[in-house]
Protein chains: 2
Amino acid sequence: MVDRIAKDARAASRVVAKAPARVRERAIRAASSRVREDAARILAANRADVDAGRTAGLAPALLDRLALDDARLAGLAGALEAVAALPDPVGAIDRMWRRPNGLLVGKMRLPLGVIAIVYEARPNVTTDAFGLCLRAGNAVILRGGSEAIRTNRALGDAIAAGLAAADLPAAAAQVVPVTDRAAVERLLLHEEEIDLVIPRGGEGLIRFVVDKSRIPVIKHYKGVCHVYVDAGADEEMALAICENAKVSRPGVCNACETILVHEAVAASFVPRLCARLGALGVEIRGDARTRALGGDAVVPATDLDWAAEYLALIVAVRVVPSLGDAVAHIERWGSQHTEAIVTRDYFAQRRFVDEVGSSTVVVNASTRFADGGELGLGAEIGISTSKLHAYGPMGAEELTTTKFVVFGDGQIRT
Amino acid sequence: MVDRIAKDARAASRVVAKAPARVRERAIRAASSRVREDAARILAANRADVDAGRTAGLAPALLDRLALDDARLAGLAGALEAVAALPDPVGAIDRMWRRPNGLLVGKMRLPLGVIAIVYEARPNVTTDAFGLCLRAGNAVILRGGSEAIRTNRALGDAIAAGLAAADLPAAAAQVVPVTDRAAVERLLLHEEEIDLVIPRGGEGLIRFVVDKSRIPVIKHYKGVCHVYVDAGADEEMALAICENAKVSRPGVCNACETILVHEAVAASFVPRLCARLGALGVEIRGDARTRALGGDAVVPATDLDWAAEYLALIVAVRVVPSLGDAVAHIERWGSQHTEAIVTRDYFAQRRFVDEVGSSTVVVNASTRFADGGELGLGAEIGISTSKLHAYGPMGAEELTTTKFVVFGDGQIRT
C-alpha cells in the first residue's frame, strides 16, 4: 500500500508542479471551508481518538496536543486560509544578470516534488503541512501517529474535497491510513519517488527516521537555546527576555534552557534572576558562582544540565568570564537552534552575531521568536538545525529549489 | 588516519569560519604563487604519475586528464587567483525585513563547515576545490584517485604553504594520502565531522559514494542533455547550436546527447542537421522519421539511445509532433541536467522554461553554457542534478548556508 502511495504521489507531483498558483490556492481554500463544514464529524473522530488514547494510558501532555475543540479547529482552518494568501514562491526569479556575451541568466524557483511528513499526535500538522506543501507546488504524504489516525483521516477527507474542488489529483496529498513503524520504514526506502522527508515529533521518532531513510531528511533533534546576558546589559530588559524565553511556553523547542551571565553583571543580576524565575516556579540549576549569588534554592548543575532540553520549568544558569566564553559554551553544549544576547554594546552584538553559528541568532529579544510565523515566513513546516538546504524555521520557500534559466539569441560556446 | 583527518578538519573549520575574508584570500593567493614557484617539482611528480599510469595500462583519455604541462599548471594557478578575486559570500545578508513588532530580520550567509571532495584523475580539482571551499569559509578534505596521488601530494604542499602564509591551520585543507576505497568508506561514516560530500568522476565512483555515505551527498550521475528545435526555429541558429552542443567537447556532461526536432521543420532541418554533423564525423542514431529524412548513414535508434550519455561523437535524433512531446521525452529520458530550446516563438519558450524541470534550461543558446564560470558564478565545484540544497552548477555561494539574524530592542513574545 505504501508503495502505491509513493508512486501515486510522484505522478501527482508532476500535475501539481504545473498547476497555476490560483488553482493550488483554490484547493487550499476549499479544504479550509470543508474543515469548517465538517467540524462535527472531525470533532467526533477526534473524540474517539482522545477516548482511545485515554484508555491506552497516553500521557496528559500528549492527550492535550491531540485534542481538538471548536476554537482549535477554527484556528486550523484559519491557518489554511493564511497559507492560501501567502505569495506563491513557484516560478519567481529574484534577480537576473547579463553575461558579457549577452546571455541573460537567473535562478527560477520550482517545487521540490514529493515531500513526506512523519509526525506524532498534533492533528494541525496534517492541514498545515498540506497547505504549505501545496503552496510551494509539491505533493505531500502525511503519515501521522496511530493516536491521531481517526482525526487525520477525517481531515484527509476535507483535504481530498479541497483537491477535488480545484481538479487536482487526490494523490497530491495522501494521509497514510496505516500507522505501524514497518509502513514508515518501507516509505523511507522510496528514494526515487520521494524527494524530502521531514520528521516532526520527539527525538526517538526523529532518530528512527534518520536511521532508516534513504531519502534526504531535514530535521532538528532538540532545542537547547541560550540567553546570554552581557556585561552592562539593561537588566530589566534581560529579566523580561529571560522570563519570556523560559516561562511563556516551556514545552516548545525555542524555549530557553540555559542562561549565561557575564561576571561583570552577575552580582547584581543573578539574585534578581533567581528571585524572578523562582517566584514563577522555575527550578534553577547553577554553577558554583550562580549558587553563591542565587541563594539556597539553586540546585548544583552538572554537565548533564548544560546539554539538557528540559521542556519544563527548569533552567540552567552559568556565570561566564567573557562573551568569548559564552560563545564557546554555546558551541560546546548548544544544539544549533536559537541563541540570544542581551546587550547595550554595539561591538558585543556584532561579535555574537558573527561568531554564533546557530540557525537563529537574536539580539535583545526573546528566543521564542524563532518561529516561521514570528519571523515573517507566513507559516512554518518545521525547523532545521542541520545546514544543508535549509537552516532554521522553514516556510514555503524552503520547500522549493531553483533551476538556472538562460536566455540567449544564438550564443554558442567558443 | 582517516578518523584523525576528519576530526582535525572539524576543528580547523571553526577557525576558518571565523577568519576574515582577506585572510582566506591571502591563503588562496599564496597557494597560487607556491604552485607557480614549485612548478618543476609538481610537474616531476605528475610525470611519475603519468609514467606509472601508462605502465599500469590506464586508458589514454584518463592519462590525458591526468597529465599536466606548463600551460595547464599556469591555468590551475590562475584559477586560484580568480577564486581569490571573487566576492566573499560569508556574512552577507541579501535583504532584511521589519516585523510589525519592530524586529529586524534577515538571513546571513555562513559556511557549511567541512566538505569532502572525492574525485578521480584530474589534478585541477585539488586546487579548484581548495580555493572555492576556502572562499566560502569551509575546511576541505581532498581525496583524489590513486593514479594522481603524487601530483596531488605535491599540490597539497603548495596548499599547505598557502595556509601557513595566512596563519590558517594546516587541517583546513588536507590531501588524503591513502587512496584505497576502504579509506573512502571510512571517511564517509564521519557524519559528525563532515557536513557535505561531493563526488566527482565516473558514475561508478559516484554510486559508490552515495551507497556508502552517511553524510549528505550532492552529485550528478550523468548529463543526458537535449536540444529541442521548435517549429519555425531559425535553422541556421539551430544548426550552430546543435553543432556546438554536440561537437565542441563531446566528453563533458553538458554536451548534447539527443536532438528533438518538431515535425513542422523536420523535412527541411533533419537533412541539413545530418549533413552538418555527419561531415564532422558524428554518428547519428535516429527514429524512423529521422532515418527517412536523414539518409542511409542514420543508424536506427532504440530506447537505449534515448537514455544514453555517449560522451562521444554520437547523437540521437528524434522527430516529435509537438513541444509537449519534446517536454515529455525530456521528462521520461533526461537526467535533469541541461536542456535547450531553439525557437522564434515567445509562447513556446515560456512554456519550455516553465515546464522543463531540469537544473539548467536554455533558450536559443548552447547546452555547453551549463557551467559555473559561463553562468557567472566565477568558478564551479560541480553540478547537482538533485534538488535539495543546490540544483545545477554550484559556486562558492552554494557552499554556504544561511542563519536567521534578528535585531530587537527588548521584544518578548506575547
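With its 414 residues, chain A would have a radius of gyration near 22 Å if it were a compact globule, and its 24 Å agrees with that (the radius is taken over C-alpha atoms, and the globule rule is 2.2 Å times the number of residues to the power 0.38). This is a predicted model, where local features need pLDDT of at least 70 and side-chain atom pairs count only at pLDDT 80 or more, while totals for chains, interfaces and linings use all residues. Residues are numbered from 1 along each chain as its sequence is written, with chains lettered from A and ligands numbered from 1 in the order in which they are written.

The C-alpha trace of chain A spans about 70 × 65 × 35 Å along its principal axes. As for burial, 55% of the 414 residues in chain A are buried (20 or more other C-beta atoms, placed from the backbone, within 10 Å of a residue's own).

Now for the pair of chains.

Over in chain B, B:Ile5 sits in helix H1, residues 2-18 (a helix is a DSSP run of H or I with at least four residues, numbered from the N terminus). B:Ile5 has 24 C-beta neighbours inside 10 Å, so it counts as buried.

Terms used:
A residue is buried if 20 or more other C-beta atoms lie within 10 Å of its own, exposed if 12 or fewer, and partly exposed in between; C-beta atoms are placed from the backbone. Helices (H or I, at least four residues) and strands (E, at least two) are DSSP runs, numbered from the N terminus.
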